[in-house]
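Here is a guided walk through one model, written for someone who likes to know the cut-offs behind each term. Please keep the viewer open as you read.

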Amino acid sequence: FKNIVFGKQPLDPELFNSMAQEEARNISRADANRNKTTQLRRFYDELILWETRVNQQPDKFNEYLPFIRMLNAKASYAEGRKLVDCTFVNLFAHTLKEVNSAETLTTCKLFWEAFMGFYKQERPKD
C-alpha cells in the first residue's frame with residue numbers, strides 16, 4: 001500500500017476505486033473469524049467521529065491528532081484478541097500515518113468509505 005498517499009495533489013484518481021478495492025480483496029482473504037465487517041466498521045465509525053470533530057473545529061486538529069493516532073493501539077488490541085489480522089492493522093496504520101491535516105483526515109475517511117463498500121462486496125455474509 002505504498003501507493004496510498006493522501007497529501008499529494010491532485011489525488012490519484014484510483015485511490016477510492018481500484019486501490020481501495022485491491023486492499024479490500026487482500027484483507028478479505030483472512031481467516032473467516034477475523035476481519036468481520038462489523039469489526040472493521042467499528043474502526044471506520046470512530047474515524048468518522050474524529051473527522052466530524054475536526055471539521056467542526058479545524059483549529060483543534062493538532063489537539064485531536066494524538067487521539068486519532070491512538071486508533072492504531074485499538075487496532076493492535078483487536079489483533080491481539082484475534083478480531084482482525086496484521087494485514088488490516090498495517091493498512092490502517094499506514095493510512096493513519098498519512099493523516100497530517102484536516103484535509104488528509106477527510107481523504108483518509110473517504111478511502112475507508114470506499115474500502116468498506118468494496119469489502120462488503122468481498123465478504124457479503126459477514
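Glu113 sits in helix α6, where helices are DSSP runs of H or I with at least four residues, strands are runs of E with at least two, and both are numbered from the N terminus. Its relative accessibility is 40%, so Glu113 counts as partly exposed; on this scale buried means under 20% relative accessible area, exposed means over 50%, and partly exposed is in between, using a 1.4 Å probe and protein chains only. Between the C-alpha atoms of Glu113 and Lys8 there are 19 Å, and the two residues are 105 residues apart along the chain.

A word on the ground rules: this is a predicted model in which local features need pLDDT of at least 70 and side-chain atom pairs count only at pLDDT 80 or more, while totals for chains, interfaces and linings use all residues. Residues are numbered from 1 along each chain as its sequence is written, and side-chain values use heavy atoms, with hydrogens and water left out.

Staying in α6, which covers residues 102-122, you will find Gly117. Gly117 has 47% relative accessibility and therefore counts as partly exposed. In sequence Gly117 and Gln21 are 96 residues apart, yet their C-alpha atoms are 8.5 Å apart in space.

Now for the rings. How many aromatic pairs does a search of the whole structure find? There are 11, where rings of Phe, Tyr and Trp (its six-membered ring) pair if their centres lie within 6.5 Å, and planes under 30 degrees apart count as stacked, over 60 as edge-to-face and the rest as tilted. One of the pairs is Phe115 with Tyr119, which is stacked, with 5.4 Å centre to centre and 15° between the planes. These two residues are four apart in helix α6, so about one helical turn separates Phe115 from Tyr119. Both Phe115 and Tyr119 are buried. They also belong to a cluster linked by ring pairs, together with Phe6, Phe43, Phe88, Phe92, Phe111 and Trp112.

Next, the helix packing. Two packed helices are described by the angle between their axes and the distance between the axes. Here axes are lines fitted to C-alpha atoms, for helices over the stretch in contact, and angles run from 0 to 180 degrees between N-to-C directions. Angles under 35 degrees count as roughly parallel, over 145 as roughly antiparallel, 65 to 115 as roughly perpendicular and the rest as oblique.

Helix α2 (residues 37-56) packs with helix α3 (residues 61-69) at about 175°, with the axes 10 Å apart, so α2 and α3 are roughly antiparallel to each other. Trp50, Arg53 and Val54 of α2 meet Phe61, Tyr64, Phe67 and Ile68 of α3, contact meaning heavy atoms within 4.5 Å. By class, this contact of α2 with α3 has six nonpolar, no polar and one charged residues; Ala, Val, Leu, Ile, Met, Phe, Trp, Tyr, Cys and Pro count as nonpolar, Asp, Glu, Lys and Arg as charged, and the others, Gly among them, as polar. Arg53 also lies over the face of Trp50, at 4.6 Å from the ring centre; the criterion is NZ of Lys or CZ of Arg within 6 Å of the ring centre and within 35 degrees of the ring normal.

With α4, helix α2 packs at about 170°, and the axes are 11 Å apart. Helices α2 and α4 are therefore roughly antiparallel to each other. On the α2 side Gln39, Phe43, Glu46, Leu47 and Trp50 take part, meeting Leu71, Lys74, Ala75 and Ala78 in α4. The residues of this contact divide into six nonpolar, one polar and two charged.

Finally, the backbone. Most residues other than glycine have a negative phi, and most peptide bonds are trans. Gln9 and Pro10 are joined by a cis peptide bond, with omega about -5°, and Pro10 is placed in the segment before α1 (15-28). Asn35 has a positive phi near 55° and is found in the loop between α1 and α2. Lys82 has a positive phi near 60° and lies in the loop between α4 and α5. Which of the two is buried and which exposed? Asn35 is buried, with a relative accessible area of 0%, whereas Lys82 is exposed at 54%.
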